[in-house]
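Take a look at the sequence and the 3D structure shown here. The report below walks through some of its local features.

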Amino acid sequence: MRNVKSILTNFVATHWHPTMKKIAILFFLVLAQLSFAQKRPNIVLVMADDLGYSDLTCYGGEISTPNLDRLAANGLRMNNFYNNARCCPTRASLLTGQYPQKVGLSINGNALTRNGATIAELLRTQGYQTAMVGKWHLSDDIQKAKAEDQQKWLDHQAFLDEPFASLESYPVHRGFQKHYGIIWGVVDYFDPFSLVEGEKTIKELPEDYYITDALHGKMQEYLQEMQQNPEPFFMYLAYTAPHWPIMARDEDIAKYDGVYDEGWDVLREKRYQRMLDLGLIDPKNTPLVPVMGQDDRTWESLSEMEKQVEIRKMQTHAAMVESVDKGLGLLLSTLEAQGDLENTLIIFLADNGASPEIPTRPGYDRSSQTRNGEDLVYQKDLSPALTGTRMSYTGIGSHWANAVNTPYRYWKMESFEGGIHTPMIVHWPEGLAVEKGSFSSALGHVTDILPTILDITHMTYPETYNGHELTALDGQSLLPIFKDVQAEGRKTIFLEHAHGKALIKENMKIVQPTFKEEWEMYDLATDKNEVHNLANKQTEKLNEMIREWNNWFAEMKPYIHPRPGSGPH
């Protein structure tokens with residue numbers, strides 16, 4: 001209860017007869033303690049976008065993340081937690097507790113269906129206040145009939161009053177009382193497309209606008225409003241960073257001058273050693289493997305100009321991650337100011353691993369020009385000076401992506417560990433019963449977040465919501481792990497996206513690369529970074545797991561109905 005002790009004490013001291021003050025104060029303090037202990041927690045979910053597994057200092061990185069490090073040092077880190085390999089599917093599972101195929105997000109660009117109730121919708125039924133800032137990406141992507149019209153729309157040069165999707169699919173119609181952020185999934189950080197507050201399109205921005213900073217300002221505004229009321233609150237903070245196009249302020253990029261000059265191989269080696277020092281990984285089952293890329297370039301093979309562009313890319317990525325952490329400092333100070341931090345559950349994770357994507361041309365969801373008609377520079381025309389600025393439009397590429405996903409291989413979209421393994425931090429002083437700074441190796445998945453919240457708030461998952469029949473949850477509560485790091489997690493995780501497939505069953509994993517047909521199999525107990533393919537050695541086990549995956553996917557198929565206008569991000 002916010003400041004309950006001081007409020008009651010001051011009231012008694014001011015209004016009660018002196019002979020009764022001592023007894024009254026003690027009586028009210030006991031009541032306050034009981035009320036405080038029974039109070040439902042506030043909940044803050046924080047999701048980063050395309051974050052590398054080892055980007056945070058508390059996960060082995062060199063990027064400055066003191067606020068996330070603070071949460072980790074005083075909370076719980078889960079080192080065996082998984083997402084769905086890509087933006088939309090993960091966000092759908094986070095909010096509904098179901099596999100994305102069941103709730104409309106078998107592919108990117110579709111709207112969240114009504115057979116899954118969101119965390120916000122369910123908490124609203126229990127009196128929670130709800131707010132969201134950031135990236136939604138769970139509405140149908142609208143496409144103009146003509147490509148040139150679509151491009152003008154993306155460039156803020158036409159159709160400025162038109163909605164970015166059906167309004168009923170916006171966050172404010174899925175349980176959030178307030179929302180500030182983007183409806184689509186890809187944005188120019190200095191002039192974002194699909195920026196709204198509630199249903200209203202935001203058409204004009206200040207000259208010094210940068211979306212990560214703007215999200216933090218709005219987050220604080222919403223939090224302070226909710227803190228004025230006695231009801232608990234739920235805040236969903238969904239970042240766009242560090243998703244491409246990589247863009248940051250010059251002064252933030254400059255902080256990392258010299259840090260990445262030795263290239264991606266050295267970065268991987270240094271991060272790996274720090275992860276060993278932290279006790280995050282076991283070198284016996286996760287040895288260091290070389291950086292891999294989508295091409296055979298090596299750092300030594302690059303020209304000096306190419307190296308300078310690549311260095312600047314990684315500096316920009318680091319600056320974007322640090323900007324996320326700065327905002328979490330604002331979150332913590334805002335919670336502390338009203339005495340809310342102790343009884344607020346904060347969960348931080350990422351929607352997928354770092355991205356190998358380098359956009360090569362405008363179109364679909366990518367800008368071509370600024371509002372005043374200046375051309376943005378894509379990969380082939382990049383110079384070191386332009387890279388990371390508001391005039392460039394690029395990504396970090398596969399080599400850096402694999403390096404920041406240390407120690408795992410691959411990246412976003414793939415169901416290998418580098419694509420689906422997320423850092424996961426839980427901070428809840430009044431609710432965690434584990435030692436501060438603990439690690440849990442329990443298997444967990446993004447579908448587990450909603451069941452955990454239901455468990456914590458003593459809610460029962462309903463059969464229907466707002467007239468719609470709900471399909472069953474696929475996750476399970478993490479609350480036992482919050483009480484005991486030795487508690488077991490779930491036994492299986494099924495994955496499918498862009499024709500990539502996987503099944504994790506306890507220590508065994510089968511995985512199929514995107515748009516390939518051959519299954520691979522790994523024993524994660526001895527080979528966490530998927531080097532030794534056992535598919536030809538344990539064919540009986542492989543076939544057993546393939547049958548199990550096929551049976552699961554057969555259950556998903558009735559829900560999969562791709563809609564016109566959907567496409568990749």
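The side chain of R409 reaches the backbone oxygen of E530, at 2.6 Å. Keep in mind that this is a predicted model. R409 is found in the loop between helix 11 (397-404) and helix 12 (417-420).

R409 is buried, yet it has no salt bridge. The nearest side chain of opposite charge belongs to E520, 4.9 Å away. Leaving aside neighbours within four places in sequence, its contacts include R268, V289, M292, N402 and F416. E417, G418, G419, Y522 and N529 are also among them, and so is E530.

Helix 3 (residues 66-73) packs against helix 10 (residues 304-337). Their axes are 7 Å apart and meet at an angle of about 55°. That angle makes helix 3 oblique to helix 10. On the helix 3 side, P66, N67, L68, R70 and L71 make the contact. On the helix 10 side, the residues are D325, K326, L328, G329, L332 and E336.

Two of these residues also pair by charge. E336 forms a salt bridge with R70, and the closest N and O atoms are 2.6 Å apart. E336 lies in helix 10 and R70 in helix 3, so the pair ties together parts that are 266 residues apart in sequence. How accessible is E336? At 41% relative accessibility, E336 counts as partly exposed. R70 has 32% and counts as partly exposed too.

Side chains of opposite charge can pair when their charged atoms come close. The count for this model comes to 36 salt bridges.

One of them joins the side chains of E162 and K144, with 2.3 Å from N to O. This pair links distant parts of the chain, 18 residues apart. E162 is in the loop between helix 6 (147-154) and strand 5 (178-182). K144 is in the loop between strand 4 (129-135) and helix 6. Is K144 buried or exposed? K144 is buried, with a relative accessible area of 18%. E162 is partly exposed, at 32%.

Another salt bridge brings together the side chains of D381 and K380, at 3.3 Å from N to O. D381 is partly exposed, with 47% relative accessibility. K380 is exposed, with a relative accessible area of 76%. Salt bridges can also share partners. In this way D49, R91, K135 and D351 are joined into one network.

Now turn to the backbone. P245 is found in the loop between strand 8 (233-238) and helix 8 (250-254).

The peptide bond from T406 to P407 is cis as well, with omega near 10°. P407 sits in the loop between helix 11 and helix 12. R409 is found in the loop between those two helices too.

## Positive phi angles

E506 is not a glycine, but its phi is positive, near 55°. Look for E506 in the loop between strand 16 (500-505) and strand 17 (508-512).

F515 is not a glycine either, and its phi is positive, about 60°. Its place is in the loop between strand 17 and strand 18 (520-523). Is F515 buried or exposed? F515 is exposed, because its relative accessible area of 58% is over 50%.

G175 lies in the loop between helix 6 and strand 5. E162 is found in the loop between those two elements as well. G175 is buried, with a relative accessible area of 10%.

Which residues does G175 touch? Not counting residues up to four places away in sequence, G175 touches A120, E121, R124 and T130. G397 is another story. G175 and G397 are 222 residues apart along the chain, and their C-alpha atoms are separated by 36 Å.

Definitions and conventions
Residues numbered from 1 in each chain as written. Predicted model: local features only at pLDDT ≥ 70, side-chain atom pairs only at ≥ 80, totals over all residues. Heavy atoms only, no water. Helix = DSSP H or I, 4+ residues; strand = E, 2+ residues; numbered from the N terminus. Buried < 20%, exposed > 50% of the residue type's maximum accessible area, 1.4 Å probe, protein only. Lys, Arg positive; Asp, Glu negative; His and termini not counted. Salt bridge = Lys/Arg side-chain N within 4 Å of Asp/Glu carboxyl O. Polar contact = N/O pair within 3.5 Å; in protein donor to acceptor, adjacent residues only side chain to side chain. Contact = heavy atoms within 4.5 Å. Axes fitted to C-alpha atoms, helices over the stretch in contact; angles between N-to-C directions. Parallel < 35°, antiparallel > 145°, perpendicular 65-115°, else oblique.
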